[in-house]
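Here are my notes on the model, point by point. Please read them with the structure open.

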Amino acid sequence: MLSRVADSIYWMSRYVERAENVARFIEVNLNLMLDSPAEAPNQWKSLVNTTGDHEDFSRRYPGNGQDDVLRFLTSDADNPNSVFSCIRAARENARSVREIISSEMWIHLNTFYLMLKEAAVNERGLSNPTDFVSEVRQSSHLFAGVTDATMTHSEGWHFGRLGRMIERADKTSRLLDVKYYLLLRSIEDVGTPFDDIQWAAVLRSASAFEMYRKRHGRISPVGVVEFLLLDKEFPRAVRFSLLDAQASLHAISGTPLGAFRHEPERHMGLLCSDLAYTSVEEILRRGLHEYVDELQTRLNQIGNGIHEAYFALKAPGSSPAAQFQA
Amino acid sequence: MRFSNYDVGPFYDEMFSSDLMPRSAARTLVRNIEALPEGELRNRQQAAERALLAMGITFNVYGASQGVEKIFPFDILPRVLSAGEWSVIEKGLRQRIHALNLFIDDLYHDQRILRDKVIPREIIESSRVFRRECIGLRPPRGIWCHVTGTDLVRHNDGTIYVLEDNLRCPSGVSYVLQNRHVMKSMFPRVFESSKIRAVSDYPSHLRDMLEFLAPDAGSSPRVVLLTPGVYNSAYFEHSFLAQQMGIELVEGRDLVVKDGFVCMRTTTGFERVDVIYRRLDDDFLDPTVFRRDSMLGVPGLMDVYKAGRVSLANAPGTGVADDKVVYAYVPRVIRYYLGEDPILPNVPTHICAEPDDLAYTLEHLDELVVKAANESGGYGMLVGPHSTAEQRADFALKVRANPRNYIAQPTLSLSRVPTLIDDHFEGRHVDLRPYILYGRDIFVLPGGLTRVALKRGSLVVNSSQGGGSKDTWVLSETARGTAAPTTSVPDASQTREALPC
């Protein structure tokens with residue numbers, strides 16, 4: 001498979017997954033807002049912190065109200081991580097490999113993009129954010145489903161799943177961070193019924209509430225962190241996502257699990273064992289935010305390794321450009 | 001939906017004779033359309049447009065802001081050609097391509113045609129697209145122009161003329177295939193009853209032709225399609241053709257010259273490439289030979305090509321026969337190499353490089369179409385009858401400054417085809433671009449792209465300037481539609497039966 005094609009499929013999937021997760025970030029905040037006491041401080045700005053784009057945001061949006069944040073995250077064509085920009089980028093990548101992916105995938109992604117383009121004009125993300133985010137979530141699920149059901153599960157598909165799962169691991173960990181930022185603001189709420197409500201909102205945004213209940217019953221910070229980071233059966237948990245990503249990485253190279261051929265496989269192996277053998281108490285003792293931070297650094301390292309190993313085949317006098325990681 | 005109010009006007013209409021009788025080839029179609037309930041055709045037209053948009057069958061508009069995509073407007077009423085008429089076109093095209101290929105080969109080798117003074121040497125040597133780099137080149141199997149998209153037009157007198165040859169990277173064939181795909185789903189019954197010649201095997205013919213060019217006969221060759229990338233206006237077509245042929249779609253940055261071969265970068269290392277169907281202009285192919293600032297090509301490609309280790313379709317240098325001044329000499333080219341009269345005539349052309357023709361052109365700017373030698377897409381062109389005095393004065397200056405670069409032709413009144421405009425039919429001007437493949441033998445795709453100028457009165461069919469397309473139906477010999485004398489006017493029961501066509 002062409003390096004460029006592998007690169008495009010990988011990023012196509014990452015961008016779709018990223019769009020879905022930006023929608024989930026918005027959703028968690030909407031949930032929290034609705035359940036918050038009226039006098040609770042405005043949390044929208046901290047949402048931008050979670051996505052890592054706060055500098056760009058403060059420069060271009062002097063206010064930091066709900067509408068500003070929603071516009072920035074849903075339809076802003078200049079924010080490379082807005083839902084619109086992500087799907088636009090996913091579609092551009094898909095367009096460059098549309099002879100490789102299935103027609104169904106292309107048509108769905110193209111329709112998804114056209115829907116968002118229209119929503120950007122109507123500002124539907126602002127006027128009706130709840131419906132907007134649920135539509136984005138559904139379209140993303142549909143894309144993943146169509147991909148799994150119509151594309152041969154060979155090398156190209158594995159690159160797609162690799163991208164999707166690395167992105168998901170990264171974003172689920174950031175979703176936990178949303179709560180971290182909230183905690184900073186409302187330390188006095190810890191252990192109160194309100195705290196319980198907040199954690200439930202985090203779970204709901206990861207579509208994890210019901211599954212969590214079945215596994216842990218009572219909502220507790222320890223339980224939620226364990227579930228979203230370390231569970232190996234819940235499909236949005238970091239560990240689950242990385243086990244899938246690891247399986248694809250090894251399917252691509254043909255190296256058996258437990259061995260490694262190149263740096264990304266080695267780093268992925270280390271990270272997966274960490275997640276398997278670290279206890280949630282340890283994580284909380286070190287600090288959740290610090291743990292998530294380090295996790296993201298390691299994921300970036302793996303991403304860069306994949307780029308080196310597969311997309312940037314070196315030949316005299318040329319260097320293929322890399323897509324940004326953001 | 002009736003044609004009773006349709007106005008043929010003072011033009012040749014492809015579907016109706018001047019007394020509004022359907023031409024024999026179009027009879028079945030007209031019957032089927034008239035049997036449709038009011039509004040049905042419009043519904044189908046809109047359904048077709050929605051399908052094209054969802055499929056992303058769009059083109060990029062140059063000059064507009066990046067990423068502006070439009071669907072190539074598509075009109076649901078096809079253009080129909082009878083078997084008899086098509087067989088003349090097909091013979092004419094074979095003859096022309098055969099002669100043009102000999103001509104190009106001669107120009108880059110012995111130049112007999114120049115020594116015999118059939119064409120003035122300075123016309124060739126001053127052509128911007130005559131590639132000195134190609135002199136002495138021996139392309140695989142002696143073929144230069146593997147894929148051609150000749151533009152044909154029909155004048156008021158009913159005669160079909162060759163307007164342009166397009167021997168470089170003609171585009172549009174994907175629309176032929178997609179239009180047909182859409183039309184078959186819209187009108188399955190018409191297809192059942194009309195014996196329309198298929199076009200869907202074009203990708204197979206194209207792939208066979210490309211494999212035929214491979215440097216090592218016998219082994220299964222690696223064929224790729226080289227595209228300038230997603231921002232090219234014909235990108236959809238590149239990806240569609242690659243997909244339909246089951247070959248790799250590559251960009252310049254995917255290819256690299258390594259150990260004397262062209263290789264592509266894959267996730268498992270470098271893989272050798274044998275044949276490149278390049279949809280990239282000569283200028284951009286190889287920055288070490290042609291334009292140095294090209295980021296789209298492959299450095300060193302031409303060396304590998306000259307060494308016979310990779311094949312290119314089309315060969316570099318074919319553009320010289322596309323030069324609009326050289327075009328004027330093609331009838332002489334055909335006689336010179338084949339000793340035959342051209343089957344398809346050229347549009348009568350005034351060559352501004354010749355003093356008499358220049359004087360005539362300048363005096364008659366208001367009635368002529370003046371074209372620059374090396375522009376396409378309807379740019380660099382003056383349509384006399386539709387121009388302002390200012391535009392004519394401006395063009396006169398340009399022509400005087402560089403007469404070699406211009407030709408002039410009478411304004412043809414292109415034939416028209418009924419076209420669905422809102423809720424009724426109006427005549428719109430069309431041309432026709434058939435596609436010809438030159439490999440083991442010469443293959444002409446039955447039909448081709450019918451481009452239609454959708455603006456009322458307009459003669460410009462280019463997609464960048466308000467043009468659209470129609471499906472083109474070539475009937476086979478045995479078509480019921482062509483068995484004119486025995487076909488009676490349908491009675492009411494037949495009409496009803498034809499409803500869900």
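1. Which domains does the domain assignment of chain B give? Domain 1 is made of 11-130 + 143-198 + 322-347 + 412-478, and domain 2 of 348-410. Such bounds come from an automatic or database domain assignment.

2. A word on conventions. This is a predicted model, in which local features need pLDDT of at least 70, side-chain atom pairs count only at pLDDT 80 or more, and totals for chains, interfaces and linings use all residues. Residues are numbered from 1 along each chain as its sequence is written, while chains are lettered from A and ligands numbered from 1 in the order in which they are written.

3. Back to chain B. The C-alpha centres of domain 1 and domain 2 of chain B are 24 Å apart. Their contact takes 17 residues from domain 1 of chain B and 14 residues from domain 2 of chain B. Two residues are in contact if their C-beta atoms, placed from the backbone, lie within 7 Å. On the domain 1 side, helix H12 (residues 324-327) of chain B has the largest share, three residues. Helices (H or I, at least four residues) and strands (E, at least two) are DSSP runs, numbered from the N terminus. That side of domain 1 of chain B has nine nonpolar, five polar and three charged residues. Here Ala, Val, Leu, Ile, Met, Phe, Trp, Tyr, Cys and Pro count as nonpolar, Asp, Glu, Lys and Arg as charged, and the others, Gly among them, as polar.

4. Chain A is assigned domain 1 (1-151) and domain 2 (153-313). Their centres, taken over C-alpha atoms, are separated by 20 Å. In chain A, 30 residues of domain 1 are in contact with 28 residues of domain 2. H1(A) gives the most to the domain 1 side, with 19 residues. The residues of that side are 14 nonpolar, nine polar and seven charged.

5. Now the two chains. Chain A puts 20 residues in contact with 19 residues of chain B. H6(A) gives the most to the chain A side, with four residues.

6. One loop residue in chain B. Gly260(B) sits between strand S9 (255-258) and strand S10 (261-266) of chain B. Is Gly260(B) buried or exposed? Gly260(B) counts as exposed because it has 11 C-beta neighbours inside 10 Å. The cut-offs: buried at 20 or more other C-beta atoms within 10 Å, exposed at 12 or fewer, partly exposed in between, with C-beta atoms placed from the backbone. Gly260(B) touches Val304(B), Ala307(B) and Arg309(B), not counting residues up to four places away in sequence.
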